[in-house]
Amino acid sequence: VDGSLIATCQQAASAIADRRCGLFLVVIGDTERPFVKTEFVDESEIGSLSTMFGDQSLSQVLQEQSVGFLQTTTKDLKTYAEPILPPPRLLIIGGGHVGQALAVQANLTGFELVVFDDRPNFTSAELFPAGTQRFCGDIETQLNHFPIDHDCYIVIVTRDHRHDAEALAACLPSPAKYLG
């Protein structure tokens, strides 16, 4: 394995860890001296490659989450593109029995899990799948300081309606993909 492939994989892993999207590209040159080159293109850098692939093709691959070869403006190059996306994030507000059961199921489907509760005994590590982020404290305050993005799904399952209403008020202005 050459160093460029390792560096490309490290860039992709770093993007996933930072919850950024991008494209893993494999460029195959069918020229006098054939070559294969790998590259990771961060979502913020996609526009700079538009002259090679056309205005929308790279953005479209990422948006549609499609995998495959792209048409390039240079006929002796073939480029394979694969979207690199962080896993969707599920915020479970309420660490009781419903939140615990939901966490187990969501973990099986590949969600990154985050649990919020104001009770220490309902945010302990042994109650949730490995890797679950757990926050204990005032739920509304915790949510107001948590980065909720467009790839977050939020489920409110606290122990009473008052806590549900506070959590809902904190989440409503967010760009979350789902709130229930």
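Begin with burial: in this predicted model, buried residues account for 39% of the 180 residues in the chain. To follow this in the viewer, colour the chain by relative accessible area, taking under 20% as buried.

The trace spans about 70 × 35 × 25 Å. The radius of gyration of the chain is 21 Å, whereas a compact globule of 180 residues would have a value near 16 Å.

The chain contains 6 helices and 9 strands. As for how the chain meets itself, consider the contacts with a separation of 6 or more: 50% of them join residues 24 or more positions apart.

The next stop is the largest pocket. Rolling a probe the size of a water molecule over the atoms shows where empty space is left. The largest pocket has a volume of about 390 Å³. Select Cys21, Gln65, Leu85, His150 and Asp151: of the 16 residues lining this pocket, these are the closest to its centre.

Which helix supplies the largest share of the lining of the largest pocket? Select residues 57-64, which form helix H3; this helix provides 3 residues of the lining, the largest share.

Finally, colour the lining of the largest pocket by residue class. The lining residues comprise 6 nonpolar, 4 polar and 6 charged.

Conventions: Residues numbered from 1 in each chain as written. Predicted model: local features only at pLDDT ≥ 70, side-chain atom pairs only at ≥ 80, totals over all residues. Heavy atoms only, no water. 1 Å grid on protein atoms, 1.4 Å probe; cavity = no way out; pocket = protein on both sides within 12 Å on 5 of 7 lines; lining within 4 Å. Points joined across faces, edges and corners; volume = space filled by probe spheres on them. Helix = DSSP H or I, 4+ residues; strand = E, 2+ residues; numbered from the N terminus. Nonpolar A, V, L, I, M, F, W, Y, C, P; charged D, E, K, R; others polar. Rg over C-alpha atoms; globule rule 2.2 N^0.38 Å. Buried < 20%, exposed > 50% of the residue type's maximum accessible area, 1.4 Å probe, protein only. Contact = heavy atoms within 4.5 Å.
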